[in-house]
Amino acid sequence: MSDAKAVIERAKRSGVTIKLKNGKPYAEYVGSSEDHRSTLSEVRTHKTEIIRELEADQSIHQLRSAMIWL
């Protein structure tokens, strides 16, 4: 598993959802930001890899949707 995937999975387990918005990652979290500070710091550290990973996931989702439509 790549570093980006590992960060995304750890974030999910801690209640942080990472999504792309206009090509930039943003995080939605449950609870106080104090609880998620280390997770968000890790996301910032691996920002470029996470963007690539999320863009690849979006592309795969779009291809699957197109195949179903066809």
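Buried means a relative accessible area under 20%, exposed means over 50%, and partly exposed lies in between. Keep these cut-offs at hand for the exercises below, and remember that this is a predicted model.

**Exercise 1. A buried glutamate**

Task: Find the helix that holds Glu53, decide whether Glu53 is buried or exposed, and list which residues it touches beyond its sequence neighbours.

Solution: 
- Step 1. Look in helix H3, residues 47-69; Glu53 lies there.
- Step 2. The relative accessible area of Glu53 is 16%. Because the cut-off for buried is under 20%, Glu53 counts as buried.
- Step 3. Set aside residues up to four places away in sequence, and Glu53 touches Ser2, Ala4, Lys5 and Ile8.
- Step 4. Now turn to helix H1, residues 3-13, where the buried residues are Ala4, Ala6, Val7, Ile8 and Ala11.

**Exercise 2. Salt bridges between helices**

Task: How many salt bridges does the structure hold, and which residue forms one with Glu53? Then examine the salt bridge of Glu42 and Arg10.

Solution: 
- Step 1. The structure holds four salt bridges.
- Step 2. One of them joins Glu53 to Lys5, with the closest N and O atoms 3.8 Å apart. This pair links distant parts of the chain, since Glu53 is in helix H3 and Lys5 in helix H1, 48 residues apart.
- Step 3. Compare the accessibility of the two partners: Glu53, at 16%, is buried, while Lys5, at 39%, is partly exposed.
- Step 4. In another salt bridge, the side chains of Glu42 and Arg10 meet at 2.3 Å, N to O. Here too distant parts of the chain are linked, with Glu42 in helix H2 and Arg10 in helix H1, 32 residues apart.
- Step 5. Glu42 has a relative accessible area of 26%, so it is partly exposed. Arg10, at 37%, is partly exposed as well.

**Exercise 3. The hairpin**

Task: Describe the faces of strand S1 and work out in which sense S1 and strand S2 pair.

Solution: 
- Step 1. As a general rule, side chains in a regular strand alternate between the two faces of the sheet.
- Step 2. In S1, residues 16-21, Val16, Ile18 and Leu20 form the covered face, and Thr17, Lys19 and Lys21 the uncovered one.
- Step 3. S1 pairs with S2, residues 24-29, in the antiparallel sense over six bridges. Lys21 stands opposite Lys24 in S2.
- Step 4. Two residues lie between the strands of this hairpin, and Asn22 takes a positive phi near 55°.
- Step 5. Finally, Lys19 forms a salt bridge with Glu28, the closest N and O atoms being 3.6 Å apart. Lys19 is partly exposed at 36%, and Glu28 is partly exposed at 37%.

Note on methods: Residues numbered from 1 in each chain as written. Predicted model: local features only at pLDDT ≥ 70, side-chain atom pairs only at ≥ 80, totals over all residues. Heavy atoms only, no water. Buried < 20%, exposed > 50% of the residue type's maximum accessible area, 1.4 Å probe, protein only. Helix = DSSP H or I, 4+ residues; strand = E, 2+ residues; numbered from the N terminus. Pairing = 2+ DSSP bridges. Contact = heavy atoms within 4.5 Å.
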